[in-house]
Amino acid sequence: MAFSKQFLIIVAVVLPSIALATEYRVGDTAGWTIKFDYANWAKGKDFRVGDKLVFTYPVGAHNVFKVNGTTFKDCTIPPLNEALTTGNDVITLATPGNKWYICGVGQHCAVGGQKLSITVLPAGLEAPAPAPSSANGVAASGFLVLIASIISFVATI
Ligand SMILES: [Cu+2]
């Protein structure tokens with residue numbers, strides 16, 4: 001019983017954050033690479049403040065620069081010390097607005113099309129439209145009540 005109780009507590013702590021913030025693996029299974037249509041990948045996705053972008057690639061093969069719109073368009077490579085290079089770079093979307101990311105290796109941006117442009121919307125719970133905001137709140141609190149009752153149920157076993 002000790003194990004399943006522990007498991008449920010972990011689920012209770014982790015799941016609400018998953019429900020409210022989304023982690024996007026850039027390029028899905030293709031990851032961060034050349035000759036991939038990132039404009040198409042981003043299309044229709046609802047990027048929100050608090051969501052995360054994860055850039056995955058073999059270390060050394062690519063890198064990630066967060067740039068401005070002009071640099072994005074021209075594929076100007078910033079100083080190398082500004083690059084993310086871990087192969088599993090997680091970027092939390094902290095502010096709303098347009099965000100641009102490019103690869104600074106060789107001609108990956110200019111020729112390989114390894115560039116991502118997204119528009120980040122305000123966080124779901126702070127959205128200006130009241131209807132979806134309150135709907136999210138109700139769903140989240142209902143979810144927490146459910147988890148709490150599961151935990152108290154397990155605790156009584
Ligand atoms: Cu690259």
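## Burial and overall make-up

Buried residues account for 18% of the 157 residues in the protein chain. The model is predicted. Its pLDDT averages 81 over the protein chain, and 67% of the residues score at least 70.

The protein chain holds four helices and six strands. Along the sequence they follow the pattern α-β-α-β-β-α-β-β-β-α. Take the contacts between residues at least 6 apart in sequence: 75% of them join residues at least 24 apart.

## The sheet

Three strands make an open sheet, in the order β1-β2-β4. Their pairing is mixed. At the edges are β1 (23-25) and β4 (88-92), each of which pairs on one side only. Neighbouring strands of this sheet are turned against each other by 20° on average, direction ignored.

Strand β2 covers residues 52-56. It pairs with β4 in the antiparallel sense, over five bridges. Leu-53 stands opposite Ile-91 in β4.

## The nonpolar core

In soluble globular proteins, nonpolar side chains tend to be buried together. The largest nonpolar core here has 16 residues. Trp-32, Phe-55, Val-64, Tyr-101 and Ile-102 touch the most other members.

Look at Tyr-101. Leaving aside residues up to four places away in sequence, Tyr-101 touches Val-64, Phe-65, Lys-66, Val-67, Lys-115 and Leu-116.

## Two residues with positive phi

Most residues other than glycine have a negative phi. Lys-35 has a phi near 55°, a positive value, and is not a glycine. Lys-35 sits in the loop between β1 and α2 (38-42). Is Lys-35 buried or exposed? Lys-35 is exposed, because 10 other C-beta atoms lie within 10 Å, and a residue with 12 or fewer counts as exposed.

Cys-75 also is not a glycine, and its phi is positive, about 60°. Cys-75 lies in the loop between α3 (69-74) and β4. Cys-75 counts as partly exposed, because it has 19 C-beta neighbours inside 10 Å, and a buried residue needs 20 or more.

Two stretches call for care. Over residues 126-140, pLDDT stays under 50. For residues 126-140 the model has 10 contacts beyond four places in sequence.

Over residues 142-147, pLDDT again stays under 50. Here the model has four contacts beyond four places in sequence.

Terms used
Residues numbered from 1 in each chain as written. Predicted model: local features only at pLDDT ≥ 70, side-chain atom pairs only at ≥ 80, totals over all residues. Pairing = 2+ DSSP bridges. Axes fitted to C-alpha atoms, helices over the stretch in contact; angles between N-to-C directions. Core = buried A, V, L, I, M, F, W, Y, C linked by C-beta atoms within 7 Å. Contact = placed C-beta atoms within 7 Å. pLDDT = per-residue confidence, 0-100.
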